[in-house]
Amino acid sequence: MPANHRTGLYVFSLQRQDSLGAGKNFITLFNPAASGKILTLGGFFVSYMATVASPAYPMRGYRTTSEPSGGTLHAAGEICKLDTQLPDSVAVIRSGNPTTALGPAFFNSPVGTVKDTVSDVHDVDAPVGFNPFVIRPGEAVVLREDVGAVGHLWNVSILWRELSR
């Protein structure tokens, strides 16, 4: 089977991303309209460290209703292939508060309120025991904190599969 028709698993991970008081889009995963692939989410992995005492504001997952723009565009070489023989991912990853229009939310990850605390990793399967969470060409998801507190540092990872259409 040609390499461009293989099913592939990929993961992208960021560490120590600080919150903003007004909220922040931490990471977007976009499937370009011309990708020729279907993406299915495998899961999100979220943890935090609170360096300040503040109210709890969860990390949330949303579908988006527009193509993300701005922020930091990550190169294909920054996306980990779970098999090194796979072609580069077709996904477009942005971090650093990219702009996108929010669609419906699909998960919340808890956060603590006590200064100098570190969380366990919250593993968000998308979803367990059901049909896959599909990101079709032209669609995206975003991990976002709607309201934040500077001093909440987040580690976020996203795992997905790419399937030929």
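Asparagine 31 sits in the loop that links S2 to strand S3 (37–50); strands here are DSSP runs of E with at least two residues, numbered from the N terminus. The model is predicted, so local features need pLDDT of at least 70 and side-chain atom pairs pLDDT 80 or more, while totals for chains, interfaces and linings use all residues. Residues are numbered from 1 along each chain as its sequence is written, and side-chain values use heavy atoms, without hydrogens or water.

With a relative accessible area of 0%, asparagine 31 is buried (under 20%; exposed is over 50% and partly exposed in between, with a 1.4 Å probe and protein chains only). Its side chain makes a polar contact with the side chain of serine 35 at 2.6 Å (N or O atoms within 3.5 Å, one able to donate a hydrogen and the other to accept it; residues adjacent in sequence count only if both atoms are side-chain atoms). The side chain of asparagine 31 also reaches the backbone oxygen of lysine 37 at 3.0 Å. Arginine 136 lies 105 residues away in sequence, yet the C-alpha atoms of asparagine 31 and arginine 136 are 6.5 Å apart.

Turning to another loop, serine 19 is found between strand S1 (8–18) and strand S2 (24–30). Serine 19 counts as buried because its relative accessibility is 1%. The side chain of serine 19 makes a polar contact with that of tryptophan 154 at 3.2 Å.

As for the sheet, six strands form an open, antiparallel arrangement in the order S5-S7-S2-S12-S4-S8, where pairing requires at least two DSSP bridges between two strands. Four bridges join S4 (residues 59–64) to S12 (residues 140–145), and glycine 61 has leucine 143 as its bridge partner in S12.
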